[in-house]
Amino acid sequence: MLIVFATLAAMVAAFLSSRVPVALAALGAVLVLYFTGTLDLRTALSGFGDPTVLFIASLFIVSASLEASGVTAWVGQGLIRFGNDNVTRVTVLTTLLAGALTALLGVSGAVSALLPVVMLVSVRLRRPPSTLLMPLVFSAHAGSMLVLTASLVNVVASDAAQEIGLAEFGYFELSVIGIPLFAGTILIIVLVGHRLLPERTGRSLPPDLSGHSKMLADQYRLLEDTFRLEVQPGSSLIGTSKAALKSRNQPGLSVIAIQPAPKGGAPGRAVIGRGDLVVVYGERATVESFSDGMGLRDRTESAGSAIRGALFNTRFGYAEVMIPPRSRLIGQAVFPGMITEGGDLLILAVQRRGEDVGPGEVALAVGDTLLLQGTWKALDEKLKDPEVLVVDAPDSVRRQAVALGSGARRAAVILAGMVLLLATGAVPTVIAGMLAACATVVFRVLTVEQAFRAISGSALVMVASLIPLSTAMYETGAAQVIAHGLVVLVGDRGTHAVLAALFVLTATLTQLVSSIATVLIVIPVAVSAAIESGVSPRAALITTAVGAAACFLTPVASTANLIVQGPGSYRFGDYWKLGLPLLLWFGLIGTFLVPVVWSR
């Protein structure tokens, strides 16, 4: 027991110093417990095979699928649109969304899904992520009390009630206190959050790529020499293969896109038809001659957004590349409109020292920049070539700038399927998560490499290390000593005193160990204390659950707190400043409202 207390104190001291990575400190604690003989090898490493760890890893992958397919970009754009660029309004909308998602996915699932959305909103509003991520995670903790399955803690407490002869909790039974808990959390965040949250921007803050399409179109002056021509009845192009027309690209005149007719056009048609729009790049005189000879009508006027839409959309995108020293492409002749050797990328423009060198043919030199266009898949695959340097990765551009892109519908269906499995309990939680994670790869929302890159190793090591630490506290009796001491201290001072003691005990332990481990330790004490003092055992169990949800004071209080620590650049001491008033609010609800609702 003394070894556990000493190890726990050393680990917390390491967290507070901010000199040792959180994952390393937690892993070091497990190693100490093993080498001192407190835990055997199997128990010390049990966390790395725990279903909770696998479930969290699955949630990272599902979250990445929503981000990669443009679902999070769509949600982020909606938050900004409805928030009207007002930080307070955006914060309220974010917290409401976090609570709703937590009711479906649990705290870690909701935070993982919304993390990229909030980062995107942060970039676009030019606000430090630290001012938005902590409200996100704290509102998710409050949302865990809205319905029974929003938290495993609620399920454990419900099972405990059934074991002592009481009815299990109803699905919406906790909503009576969950709604005021959630509403009060949002109110506190809005009223005092701006004073208590740090304004700190992490080194990894991504650039704002939401206007990437327009910025590149302006820089390379695409619209100045780009024309939109409509195929007229009797045009010699009708029936011509789209691929054959593009293959005839030459300096001075290049077909860069062919759009189906606005009315009645078939997107998948391989040949050109009446009313189709041919987007060409070249000098005006040459384009006019081409248009007259082919029976086309100029529709370029006021079509800037339409032209950009033809070049940059859910299927096609841009990539800006630079020719580095010693590249084999140096000296190669290219021209705007030229199709690359593989046939799947198009050179839209070439610049040297920021000035256009088209539309004629030019030999590439070191430092030249090219604007390429193609399908997102082709851009991702072809630009791994070391002969060019990519300015902004196409994958990053797509995630921010393209809402509801390729795979968005599949990602949404996979998410809905996982939520359905979690809500019905048809399969264990970890199985539901793993099925969803596998589905993102099977249905090609993510590649295998993207799925593995999405998993945060630091967060998983942290969780896997805390699980055996919790076991050690339970097996050595360390946690029980603390629990019984607090109950004895309260004595017979009445219902509110007993519930307050249980809340303080649970909330204190949950700042250091997992909420599930805390509840499993406290529940026997809570039930016995309630019976001895005449308090409703149901009220004692629910107050314990409220205390376990109050994970506000430390980053190690929950996995969700750890998930946002890096992106928000939070230090160990940042959490308690906003967390303390929220903890007091939870304490008031757990101590005074719970016994009113559950008096017996």
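These legends accompany several close-up views of one predicted model.

The model is predicted: local features need pLDDT of at least 70 and side-chain atom pairs count only at pLDDT 80 or more, while totals for chains, interfaces and linings use all residues. Residues are numbered from 1 along each chain as its sequence is written, and side-chain values use heavy atoms, with hydrogens and water left out.

**View 1. Helix α2 packs against helix α19.** Helices here are DSSP runs of H or I with at least four residues, numbered from the N terminus. The axes of α2 (residues 22-35) and α19 (residues 457-476) come within 8 Å and cross at roughly 35°; axes are lines fitted to C-alpha atoms over the stretch in contact, with angles from 0 to 180 degrees between N-to-C directions.

**View 2. Side chains meet where α2 and α19 touch.** With contact meaning heavy atoms within 4.5 Å, α2 brings Val22, Ala23, Ala26, Leu27, Val30 and Leu33. From α19 come Ser458, Val461, Met462, Ser465, Pro468, Leu469 and Ala472.

**View 3. Helix α19 runs up to a glycine.** The 20 residues of α19 reach 29 Å from first C-alpha to last, close to the 28 Å expected at 1.5 Å a residue (1.5 Å times one less than the number of residues). Just after α19, glycine 477 takes a positive phi of about 85°.

How values were computed: Helices (H or I, at least four residues) and strands (E, at least two) are DSSP runs, numbered from the N terminus.
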